[in-house]
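This report concerns the packing of helices and strands in one protein model. Please consult the sequence and the coordinates alongside the text.

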Amino acid sequence: MNATRLDVALVQRGLASTRTKAQRLIAGGLVTVANSPATKPSMVVADDAVIDLVANADPHSGVSEVADVGRGATKLRAALTRWSPPIRGAVCVDVGASTGGFTQVLLESGARSVVALDVGHGQLDPSLVADTRVINREGVHAARISSSWWANQSLPTPVSVVVADVSFISLTKIIPALVETFGVHSHFVLLLKPQFEVGKSGIDQGVVKDVARRDKAVHTVMECLEEHGVTPRDIMVSPLTGEKGNVEYLVYASATSSVYPAEWDKAIPAQ
């Protein structure tokens, strides 16, 4: 009898469209094996094992909300509700697109086109890959893009809104490239993840538990934006934590004040 990893088995049986989504279903407690909750994607299951999704799990999204292709969708919707950057009819960029939660929300908000960039391959949800409004660019490191690279790729301009959700790299490493490529007057909505800003010494089992370190990470990113000519306008706590429970933030920044005239007052919102 053959056996395989649980996340692979979910894809093979059509219970998830990708391994990334399978892993999110498992992490969310939405998968059972032989009627018992499964918690590890690496769990080995036999070919004849009884694997089920709980009632509110959606095999296509990898999360409990049927409409969403990734958890990022919930985060970005909250940010766009608060700030209303000029998306409708515009060219937008999704940096660190992964399965495409941010891309999905940009399209829902009326973007004319979305350029989805990711350093990985094969992660973007098939529904978005097939959408003619989405330009998918894989194997792209966000810290290495430039205005000349953009032009050489014949990608659309001007870019109105840039959203970013990156992992395993500090935003301070990519902000210089984003500003050089898209300009200070683009509207930047960035997911700030302190767990990737504080360094290894600042995390405990993957979580930033020291509030002072977390606050310093926020200030460092905001200062980086200012140093590159992009005014931080506002910050909010993400409606969802990171997958390990980290508090995360959404940041809005642009040198253009007509859409959101406030400027960040250096305060960090309470969780």
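## Crossing of H3 and H4

Helices H3 and H4 cross in the right-handed sense, meaning that the near helix is turned clockwise from the far one by less than a right angle. H3 spans residues 72–83, and its axis comes within 7 Å of that of H4 at a crossing angle of roughly 45 degrees. Axes are lines fitted to C-alpha atoms, for helices over the stretch in contact, with angles from 0 to 180 degrees between N-to-C directions. The two helices are therefore oblique to each other, a class that holds the angles left over from roughly parallel (under 35 degrees), roughly antiparallel (over 145) and roughly perpendicular (65 to 115).

Gly72, Ala73, Lys75, Leu76, Arg77 and Leu80 of H3 make the contact with Gly101, Phe102, Gln104, Val105, Leu106 and Glu108 of H4; contact means heavy atoms within 4.5 Å.

## Basis of the model

The model is predicted: local features need pLDDT of at least 70, side-chain atom pairs count only at pLDDT 80 or more, and totals for chains, interfaces and linings use all residues. Residues are numbered from 1 along each chain as its sequence is written, and side-chain values use heavy atoms, with hydrogens and water left out. Helices (H or I, at least four residues) and strands (E, at least two) are DSSP runs numbered from the N terminus.

In H4, 7 of the 8 residues are buried, so the helix is largely enclosed by the rest of the structure. Buried denotes under 20% relative accessible area, with a 1.4 Å probe and protein chains only. Gly110, which follows H4, has a positive phi near 100 degrees.

Strand S6 (residues 91–95) is likewise largely enclosed, because 5 of its 5 residues are buried. Val91, Val93 and Val95 point one way from S6, and Cys92 and Asp94 the other way.

## Strand pairing and the sheet

S6 pairs in the parallel sense with S7 (residues 113–118) over 5 bridges; pairing requires at least two DSSP bridges between the strands. Val93 stands opposite Val115 in S7. From S6 the chain passes through H4 (residues 101–108) to S7 in a right-handed β-α-β crossover: with the strands pointing away from the viewer, the path from the first strand over the helix to the second runs clockwise.

The open sheet has 7 strands in the order S8-S7-S6-S9-S10-S12-S11, with mixed pairing. S8 (134–138) and S11 (232–237) stand at the edges with a single partner strand each, so one side of each is left without a neighbour in the sheet. From one strand to the next, the twist averages 15 degrees.

Notes: Buried means under 20% relative accessible area, exposed over 50%, partly exposed in between (1.4 Å probe, protein chains only).
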